[in-house]
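Please examine the sequence and the structure before reading on.

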Amino acid sequence: MDVEEAIRVRRSVRSYEGRGVPEEVLKKVLDAARMAPSAHNKQDWKFIVVRDEEKRKELCRAAGGQAQVRDAPVVVAGITTDPEDRLPSGVSSGIMDLSIAMDHMTLKAAEEGLGTCWIGAFDQESAKRALGVPKRCEIVALMPIGYPKEPLRKKEKNRKSLDEIVSYEGFA
Ligand SMILES: Cc1cc2nc3c(=O)[nH]c(=O)nc-3n(C[C@H](O)[C@H](O)[C@H](O)COP(=O)(O)O)c2cc1C
């Protein structure tokens, strides 16, 4: 699968088959995150792999009961270890770096036939408690990963047109 195809077939998967994700396959997905660029190549990130059902249930509760967090065989929490760091632009480097790395994960997962779902709607403190994440860190996103009940395939995506989002030489 090339990058174009991975981009086209990736979608948010909220229903998973019961079977687990083999460690060697998960390692490829995690390695795609490791290869991501980061500001100054600081790599101020940690990824916690959660397979334990009780912990997934806890994370599910932290995510307001979103069932995919409990039902996926694996949930990866992406954490910035330096949430206060800002780029010269004022933008959070941690959020930017983790977002790039975790998007690499979603595309590599798609190549492996795995579904993923970004989870940004969760209670930070509850999720940190569930995983023993230190106060100084911040969980940027949770990412359930598993084999989708409905296999990934190219589908029309509900997206704005390029005309609506792109302008040339200045804001429009
Ligand atoms: C930063 C971020 C946070 C998100 N949080 C959630 C979430 O908490 N729960 C959920 O079901 N989907 C979540 N999503 C998935 C979006 O709803 C989804 O990506 C969007 O509707 C486009 O659909 P697609 O991923 O299938 O292309 C999130 C996506 C992003 C990028």
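Which residues are the closest to the ligand, and how many surround it?

## Basis of the description

The model is predicted: local features require pLDDT of at least 70, side-chain atom pairs count only at pLDDT 80 or more, and totals for chains, interfaces and linings use all residues. Residues are numbered from 1 along each chain as its sequence is written, and side-chain values use heavy atoms, with hydrogens and water left out.

The ligand is surrounded by 13 residues, of which Ser12, Arg14, Gln66, Trp118 and Arg159 are the closest; a residue counts as near when one of its heavy atoms lies within 4 Å of the molecule. This shell divides into four nonpolar, four polar and five charged residues. The charged class is Asp, Glu, Lys and Arg; Ala, Val, Leu, Ile, Met, Phe, Trp, Tyr, Cys and Pro are nonpolar, and the others, Gly among them, are polar.

Polar contacts are pairs of N or O atoms within 3.5 Å. An N or O atom in the side chain of Arg14 is 2.7 Å from an oxygen atom of the ligand, and a polar side-chain atom of Arg159 also lies 2.7 Å from a ligand oxygen. From the backbone, a polar atom of Ala121 is 3.1 Å from an oxygen atom of the ligand. On its own the ligand has 620 Å² of accessible area (Shrake-Rupley method, 1.4 Å probe), and the protein covers 58% of that area.

## Pocket and cavity

Both kinds of space are found on a 1 Å grid over the protein atoms alone: in a cavity a 1.4 Å probe fits but cannot get out, whereas a pocket is an open set with protein on both sides within 12 Å along at least five of seven lines; lining residues have an atom within 4 Å of a point. Volumes are the space filled by probe spheres set on the points.

The largest pocket holds about 210 Å³. Its lining has seven charged, two nonpolar and no polar residues, and includes Arg159 and Leu107. One cavity of 30 Å³ or more is found in the whole structure. Helix α5 (residues 93-111) supplies the largest share of the lining of the largest cavity, three residues; helices are DSSP runs of H or I with at least four residues, and strands are E runs of at least two.

## Sheet

Four strands form an open antiparallel sheet in the order β1-β2-β4-β3, where pairing requires at least two DSSP bridges. Two bridges join β3 to β4 (residues 138-146), and Thr116 has Ile145 of β4 as its bridge partner.

Methods
Polar contact = N/O pair within 3.5 Å; in protein donor to acceptor, adjacent residues only side chain to side chain.
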